[in-house]
Amino acid sequence: MGRPISISSFATAEARLKALLNRRRPGFSLEADFYTDPDIYALELRRVVYRNWTLAGHVSEWRVPGDYRSVAVAAESAIVLRGTDGRLRAFANVCRHRGSRICLDEAGRADALTCPYHGWRYATDGQLTHARDMPDDFDRTPYGLKPLPLAEVHGLVFVAFADAPPLTAARDALAEPMRWFGFEDLEVAARRRYAIPANWKLAIENYQECYHCATAHAEYAARHTLMLAPRRRARVQQGMQSRLVAAGLEDLAVDRIDTRAPAGQTGFGYSRTALFDGYLTGSRDGKPVAPLLGKLAGYDGGASDFSFGGCNFLLAYSDHVVAYVFTPVDQHNAALSVLWLVKRGAEAGRDYDEAGLTWLWDRTTEQDIEIICNNARGLHSQHYEPGPLSTMERALAEWLEWYLAELTGDGRA
Amino acid sequence: MGRPISISSFATAEARLKALLNRRRPGFSLEADFYTDPDIYALELRRVVYRNWTLAGHVSEWRVPGDYRSVAVAAESAIVLRGTDGRLRAFANVCRHRGSRICLDEAGRADALTCPYHGWRYATDGQLTHARDMPDDFDRTPYGLKPLPLAEVHGLVFVAFADAPPLTAARDALAEPMRWFGFEDLEVAARRRYAIPANWKLAIENYQECYHCATAHAEYAARHTLMLAPRRRARVQQGMQSRLVAAGLEDLAVDRIDTRAPAGQTGFGYSRTALFDGYLTGSRDGKPVAPLLGKLAGYDGGASDFSFGGCNFLLAYSDHVVAYVFTPVDQHNAALSVLWLVKRGAEAGRDYDEAGLTWLWDRTTEQDIEIICNNARGLHSQHYEPGPLSTMERALAEWLEWYLAELTGDGRA
Amino acid sequence: MGRPISISSFATAEARLKALLNRRRPGFSLEADFYTDPDIYALELRRVVYRNWTLAGHVSEWRVPGDYRSVAVAAESAIVLRGTDGRLRAFANVCRHRGSRICLDEAGRADALTCPYHGWRYATDGQLTHARDMPDDFDRTPYGLKPLPLAEVHGLVFVAFADAPPLTAARDALAEPMRWFGFEDLEVAARRRYAIPANWKLAIENYQECYHCATAHAEYAARHTLMLAPRRRARVQQGMQSRLVAAGLEDLAVDRIDTRAPAGQTGFGYSRTALFDGYLTGSRDGKPVAPLLGKLAGYDGGASDFSFGGCNFLLAYSDHVVAYVFTPVDQHNAALSVLWLVKRGAEAGRDYDEAGLTWLWDRTTEQDIEIICNNARGLHSQHYEPGPLSTMERALAEWLEWYLAELTGDGRA
């Protein structure tokens with residue numbers, strides 16, 4: 001039987017990609033092939049997804065030596081663990097013997113990594129320390145776990161599956177705002193993984209714009225002001241800015257996101273946007289849902305967007321942080337991990353209520369999944385063609401340019 | 001990883017198709033590649049499925065301006081709606097902004113089509129009337145919904161996803177028999193969509209022959225006489241013919257189906273076949289299940305086959321019409337929409353009982369699904385080779401020739 | 001849309017396979033492409049899977065003329081039946097008319113094979129005897145069911161889907177040990193089919209080594225001694241050997257498995273391994289679970305491995321035999337049929353208890369499925385590379401060489 005070659009042509013994936021790029025109209029959505037061509041998916045895994053950072057969690061999730069988490073991205077799995085020497089490391093979750101997954105759980109604690117298949121054992125620095133019944137001349141040295149890039153940014157732990165541009169510029173530039181919210185001193189109050197039956201880019205594209213907020217997110221749109229007309233938005237924004245300093249914050253915007261990243265670095269960004277009057281935080285009734293973060297002295301009624309690369313976004317309210325981490329599962333399925341973080345030491349039941357904390361973004365995410373899927377279905381039509389983006393989709397337009405630069409390697413040395 | 005090219009050869013799909021056609025033996029079933037080769041599926045969607053009509057429903061389903069239905073065929077979806085100007089139109093169910101599906105329900109009523117994603121709004125004639133926050137120089141004119149071919153044939157509403165041969169010859173030639181049954185004055189009493197886990201052609205091939213009726217359809221075979229030996233069938237047929245005129249019908253057969261379609265037109269056909277004595281209609285006990293259709297004056301004990309193109313078949317008993325609409329879902333899954341139509345104004349509970357009305361064809365369809373799936377499974381064997389068709393499979397043989405002509409483009413200018 | 005060609009190259013599957021073989025390191029696990037490349041899967045079906053024997057069952061399952069069983073292997077299905085002339089035969093389960101499956105059940109009894117689609121009827125020798133309504137000049141002769149290779153080896157019935165190397169050498173060489181256990185006089189007490197969501201080779205590879213037994217199979221490892229260190233194993237082995245003759249057995253080992261098969265023949269093997277002291281058989285408490293097999297005079301506390309080709313393995317305890325038959329379902333799914341056989345005439349409830357008989361290998365198989373799936377997941381990582389096999393994986397290393405020889409055709413004339 002075998003799998004026959006394409007009708008259309010003998011062109012390699014590269015040649016077809018070039019043709020797609022030649023007719024690309026900036027400011028328009030992408031052609032359907034970017035979502036449906038399996039070769040483009042294979043290319044983008046290698047060039048975009050695996051070469052960029054994925055937020056693995058908060059450093060508080062690796063409290064004790066031996067604490068580990070596994071992180072799934074498409075066909076890959078990483079083990080992120082704190083070594084017995086106290087150092088955080090990441091490894092490919094693949095036994096060097098016959099390739100079995102080693103860590104099967106999402107999280108755990110172990111003083112060595114033992115493959116459940118044949119018992120090969122690795123120290124927490126990745127070295128292979130035990131392998132029964134190997135030939136006498138067997139040298140364990142070259143068979144340590146394969147290390148993966150890992151980066152820590154003021155409490156946030158990132159992993160990549162191939163060389164990813166450094167996060168050092170992000171770490172420097174965002175040190176100040178991350179300090180305000182005490183990012184080093186957060187902890188994870190809730191963590192959920194949402195399955196999105198659509199190409200991963202559609203999920204991120206949806207996150208990149210608030211053009212849909214008015215139509216799709218009644219709850220969000222009653223609290224956040226991102227989708228307001230400029231004049232009205234400026235008014236609300238001014239109200240928040242007048243309260244910033246008293247609340248322990250500063251007026252700051254950092255925009256090195258996407259194609260505006262410093263040369264050779266992962267892009268990043270920071271900005272703060274007002275909530276509607278009456279909302280101190282992103283909660284059902286607008287009232288606090290957890291203790292004030294970091295050294296904040298009060299509520300300014302705003303929410304701060306942080307971004308790290310093309311797939312990791314955080315929203316810092318005054319009393320909690322929500323992180324959104326987008327990953328492909330396969331070409332037509334993505335996952336969104338949402339983490340709700342509160343001040344270290346806050347206790348569930350006493351200082352916060354999980355249902356209240358997660359209400360807004362659980363609801364908003366469920367709504368997003370539905371509209372993303374409608375988008376995916378429509379894209380498969382032969383009658384779909386790229387459409388023009390609105391003025392509220394500029395961040396999306398930029399994200400698409402970043403994606404294309406990564407895909408073609410233009411953004412890399 | 002990427003998806004590697006075929007073992008067999010570097011041949012394009014066209015070249016492989018040509019080789020298949022060169023060794024084709026008319027009067028035999030098709031080679032397995034027609035059902036298993038993904039490139040042939042892609043070709044046949046473009047050349048056969050999308051360029052032919054799909055019955056969307058009966059005009060009574062679009063009673064009021066704003067009434068719409070969505071019609072799914074493979075990866076496509078059409079919106080068929082009655083405009084505020086009273087006119088029926090069809091559009092690709094794809095927003096011109098970023099491609100979202102617009103109509104998510106199978107049916108509804110709306111005075112404008114609003115995309116649930118970002119709220120782009122289209123008038124019922126397809127024009128884009130509202131798109132928030134677009135750049136100042138944005139011209140909405142070119143961004144109307146993409147119109148699709150639509151045709152009305154005496155109450156039946158057809159849609160296509162690309163240029164389809166006109167149904168005008170069918171409309172003229174079948175005006176008379178459609179008038180007898182009052183096709184303009186029917187309404188849908190029941191509508192069911194059956195999932196068939198097999199290639200769409202296998203589902204239609206099965207409908208094209210009654211060679212299997214004796215073995216697979218006990219209920220059908222006790223009522224319909226299609227599978228009788230010629231002599232015995234002629235006898236029953238004569239009985240019915242003697243009752244035709246009194247019942248308000250005429251002796252007529254129209255055979256412009258498949259490759260015998262008038263040049264440049266969609267094929268069509270009409271014939272009437274006797275039921276077994278004692279059966280006035282296709283019901284459990286042979287007794288009427290709904291009021292007499294159109295201007296019929298009585299029961300002749302027959303059932304009329306209408307066909308429109310290669311995928312739409314209707315069976316007109318004296319008191320109800322059953323429509324069979326076959327569509328691909330993907331290469332290995334098809335859907336069959338069955339509509340039961342009764343005389344306009346007939347009331348469920350009073351004039352007909354849905355369970356009684358649908359009994360025969362619900363049962364027969366479930367049996368068909370099973371045998372079609374057995375066929376699909378066997379076809380995947382390397383030991384399958386095309387087999388000779390029986391004298392009772394002539395219509396099937398002709399359908400296959402029509403399909404091949406469409407697939408190779410031979411049937412088109 | 002069509003399915004585009006690979007990113008990597010225009011190379012044919014053969015050329016890619018050659019490249020893989022050139023960099024192959026014997027004594028290491030296989031590269032991931034052997035499990036993930038669809039063209040290699042298509043090649044291996046044709047060259048390895050269909051050209052080798054699959055154990056269909058025990059001859060006692062075809063007791064009476066007309067008894068049949070269907071056997072599924074990947075996309076194929078075989079009918080194995082005892083003819084009215086008493087002879088066992090195998091046929092492709094594909095009607096010569098339009099390709100329907102004929103036998104839909106796993107087992108049954110029939111004096112003719114009638115296709116459920118259109119009623120074509122075949123005699124039990126495969127000849128087409130009835131086909132209604134065929135043209136007058138129709139000659140049934142060439143339309144008999146396609147015969148498949150079948151072989152009987154002292155009560156075991158094997159089927160293949162293409163020419164498979166004879167089992168005659170196996171039959172001769174294993175006549176003696178099969179006689180001890182009365183293979184001709186067994187019957188099937190239980191038969192279960194386990195779904196393994198992994199490539200078929202991973203399932204067999206797992207069966208080829210007991211390196212994982214200590215880590216994955218607590219119950220098995222408390223009974224079987226295969227995974228013991230050589231010195232300790234020799235001691236237990238000697239104990240068993242001292243009891244062999246009294247129990248009616250002999251000290252024998254036959255190793256013509258895999259690449260050591262006699263020229264042009266299917267490979268085979270026999271060996272007996274001690275259970276731990278206190279275990280007379282593979283049962284929960286070590287006590288017998290069924291009557292002694294064949295002419296055995298007592299329990300030696302051992303278990304004998306029989307193998308027939310690359311996919312069929314049997315384990316003969318003194319009171320029952322367990323057969324393991326591995327087959328692909330598709331590239332990423334396999335099936336394992338396990339048969340528990342007891343002495344003919346043994347009665348469930350009186351002579352054996354099914355739950356007790358099946359306990360060990362049902363449990364062990366469930367454990368195997370889990371570790372095989374972990375292996376499959378890890379293999380899909382780009383960070384997987386073939387790893388070195390242990391001294392306890394020599395049989396696995398040999399199986400891999402056999403597989404590669406079959407795949408490249410090196411093992412065949």
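This is a predicted model: local features need pLDDT of at least 70, side-chain atom pairs count only at pLDDT 80 or more; totals for chains, interfaces and linings use all residues.
Residues are numbered from 1 along each chain as its sequence is written, while chains are lettered from A and ligands numbered from 1 in the order in which they are written.

**Two sheets in chain B**

Now widen the selection to β1(B) and strand β11 (residues 156–159) of chain B, which pair in the antiparallel sense over four bridges. Strands here are DSSP runs of E with at least two residues, helices are runs of H or I with at least four, and both are numbered from the N terminus. Two strands pair if DSSP finds at least two bridges between them.

Next, pick out the open sheet of five strands in chain B, whose order is β5-β2-β3-β4-β9 and whose pairing is antiparallel. Its edge strands, β5 (107–109) and β9 (147–148) of chain B, each pair on one side only. Inside this sheet, select β2 (residues 67–73) and β3 (residues 76–82) of chain B, an antiparallel pair with six bridges. Look for B:A72, which stands opposite B:S77 in β3(B).

**Crossing helices in chain B**

Show helices α3 (residues 38–49) and α11 (residues 394–408) of chain B. Their axes come within 8 Å and cross at roughly 100 degrees; axes are lines fitted to C-alpha atoms, for helices over the stretch in contact, and angles run from 0 to 180 degrees between N-to-C directions. That makes α3(B) roughly perpendicular to α11(B), a term for angles of 65 to 115 degrees. To see the contact, select B:L43, B:E44, B:R47 and B:V48 of α3(B) with B:Y403, B:E406 and B:L407 of α11(B). Residues are in contact if their C-beta atoms, placed from the backbone, lie within 7 Å.

**Helix α11 in chain C**

Move to α11 (residues 394–408) of chain C, a helix of 15 residues that reaches 21 Å from its first C-alpha to its last. Which residues of α11(C) are buried? They are C:L396, C:A397, C:W399, C:L400, C:W402, C:Y403, C:L404 and C:E406, where buried means that 20 or more other C-beta atoms, placed from the backbone, lie within 10 Å of the residue's own. These buried residues pack against α1 (13–22), α3 (38–49) and α6 (200–207) of chain C. After the helix comes C:G409, whose phi is positive, near 80 degrees.

**A covered strand in chain C**

Now select β18 (residues 333–343) of chain C, where eight of its eleven residues are buried. β12 (residues 186–196) of chain C pairs with β18(C) in the antiparallel sense over ten bridges. β17 (residues 321–330) of chain C also runs antiparallel to β18(C), joined by nine bridges, and a hairpin links β17(C) to β18(C) through two residues. Click on C:L341: this residue is the bridge partner of C:V188 and also of C:V321.

**Where chains B and C meet**

Finally, show both chains: the contact takes 40 residues from chain C and 31 residues from chain B. On the side of chain C that touches chain B, α3(C) gives the most, with three residues.

Technical notes
A residue is buried if 20 or more other C-beta atoms lie within 10 Å of its own, exposed if 12 or fewer, and partly exposed in between; C-beta atoms are placed from the backbone. The expected span of a helix is 1.5 Å times one less than its number of residues. Two residues are in contact if their C-beta atoms, placed from the backbone, lie within 7 Å. Angles under 35 degrees count as roughly parallel, over 145 as roughly antiparallel, 65 to 115 as roughly perpendicular and the rest as oblique.
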